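Please read the following account alongside the coordinates. It begins at the contact between two chains and then turns to the annotated spans and the confidence of the prediction.

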Amino acid sequence: MSQSTITNTQARSEAPEVTSSSGLTRAVSRQKGESVGRNRFLLSIYLLFTLLPIYWLINMSLKSNREILSVFSLWPQALTFDSYIKILTDPSWYMGYVNSLTYVAMNMTISILVALPAAYAFSRFKFIGDKHLFFWLLTNLMAPPAVFLLPYFQLYYTVGLFDTHIAVALAHCLFNIPLAVWILEGFMSSVPKEVDETAYIDGYSFPAFFIKIFIPMIRSGIGVTLFFLFMFSWVELLLARTLTATNAQPIGAIMTRTSTASGVDWSTLAAAGVLTIVPGILVVYFVRNHIAKGFALGRT
Amino acid sequence: MNKVENNKAWFLVLPMLVLVAFSAIIPLMTVVNYSVQDILGRSAFFVGSEWFVQTLNDSRLQSALMRQFAFSFTILAIQVPLGIAIALLMPKKGWQASAVLILITLPLLVPWNVVGSMWQIFTRGDIGLMGYGIRQLGYPYNITRNATDAWVTIIIMDVWHWTPLIALLCYSGLRAIPEAYYQAARIDRASKWAVFRYIQLPKLTNVLVIGVLLRFMHSFMIYAEPFVLTGGGPGSSTTFLSQTLATMAIGQQDLGPSAAFSIIYFLIILAVSYVFYVTIMNMQKDKAENNAGGA
């Protein structure tokens, strides 16, 4: 087939150079086609590796405990949604999700509001102690929560915030605010300073310029920042569990209830796990168009 | 960019400073306070450096620290090359690109303890696909008895969990390379390796530094995943720094020694962050100089 096309081309074309060059392009594109196929294959292997544990979790959540422990099967033999129904109808279960989402939302709001002006200051101005301050911020990003567990408990207990959503939201600010400042600073520095100067000449005040002109310009940066803030607050459990007891208990702490003296309730554990992945999927779906550009954090 | 000197910028930083200081400085001072005192009920005695000496000679801390470094370097050595490779393999546009992006990002958004539970279910010999599969192949795989199995499993779990971060950072770094660079390489008939070595890799340095930095410090804080998966065992073969510390502070209520431990732990991380910070700052300076030279 391809050979006949080549002969056709040769027959039609009069200049021999054109033929040889088109043959070369064909050879190159065939080679490219092969490497695309190989790339697809390698990538699918990795995706399989990513999805298998998640698939297994879903598989377990759709089986009954008796089935899990009696037969080994790659898919549910007797499909059951009992575990999901149990979680979604029992307030002591589903409130865990509400609690987690509440403190994550609070933390995202607080972090982005205080990080925006701070990042602007770091990207535009020189001020006394700016470098030291920035380094100090970065060290907080690296502070292991385990170091602060006990003092945190005592601090929030003393100020009367223990077992509230705001306590967890404030505690997560420890690493989320520095992260937000760091990411936003990169995006802001890639906006030329002439933009600011032109706006001031046009008579904008600083707040008006910042809200009406500057923030829309770094939209994708803010999107990516919010993604990171959500991610690190949603997945953190150590501090969240230490600072709460019953009213603001995160879902991660409630999940430990599935292992009792009489054994582990695998089906419910798996269903609760599957439900914790859902908010993440929604968030990635919303920021998917910004990820490619924004993940480099304005630092390419 | 030339920055304007203006100390009023402090007002922009102030709200952030107050919030972070509340969460960072007060607890840190409490830890410092504990680390130099012996607290018995309501009375406290100043003991100076006693806890520090005791902690530094504690074999639990030393072995946890060695395991921690071994773990951190192993996962970096696997995740960085693997992440770059995946970023190179990912489709560049169209719906496949979006779909692959979403699938690859998934593990990052699973809460850390759920990652542990998920892998516990996945690797159990009786009900887990991986555990059952390996046993069917004839290897007596058991993460609660065999330390090597536990180690390998935790490393596979971490690769599963965090390689996406490196891959996504590199992917967005690669997207930022102008098409003209590749065209020039095609004209020169550069090999694939040459394109990677002289065009793609240099452009990836910045994002890779960020990636390695984030990965290093998170691997140093790893707590929930091994805690749920192996509980730190068998023995203490997979007990890393965070868990050793949490056991000491919460489980045994050894306030003094665990506070001293916290401070040593924090100082190690501080030293490493300083090295990274200087590297990043130098890189930015080099870049600025190059740009100035080019203009």
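In this predicted model, Phe125(A) stands opposite Val4(B), a residue of strand E1 of chain B. The two residues belong to a pairing between chains: strand E1 of chain A, residues 125–126, runs parallel to strand E1 of chain B, residues 4–5, and two bridges join them.

The contact as a whole involves 84 residues of chain A and 77 residues of chain B. On the side of chain A that touches chain B, helix H14 (residues 266–294) of chain A supplies the largest share, with 16 residues. Sorted by class, that side of chain A comprises 66 nonpolar, twelve polar and six charged residues.

An unreviewed UniProt entry lists residues 41–58, 101–122, 134–153, 165–188, 209–235 and 266–287 of chain A under "transmembrane region". Two of these spans may be compared with the model. Residues 41–58 of chain A are 100% helix and 0% strand, with 25 Å between the end C-alpha atoms. Residues 101–122 of chain A are likewise 100% helix and 0% strand, and their end C-alpha atoms are 31 Å apart.

The mean pLDDT of chain A is 81, and 86% of its residues score at least 70. Among the elements of chain A, helix H5 (residues 91–124) has the highest mean pLDDT, 92, whereas helix H1 (residues 2–12) has the lowest, 44. Throughout residues 1–21 of chain A the pLDDT is below 50, and this stretch has six contacts in the model beyond near neighbours in sequence.

Notes. Residues numbered from 1 in each chain as written. Chains lettered and ligands numbered in written order. Predicted model: local features only at pLDDT ≥ 70, side-chain atom pairs only at ≥ 80, totals over all residues. Contact = placed C-beta atoms within 7 Å. Helix = DSSP H or I, 4+ residues; strand = E, 2+ residues; numbered from the N terminus. Nonpolar A, V, L, I, M, F, W, Y, C, P; charged D, E, K, R; others polar. Pairing = 2+ DSSP bridges. UniProt positions renumbered as here; feature names shortened; annotations may be inferred. pLDDT = per-residue confidence, 0-100.
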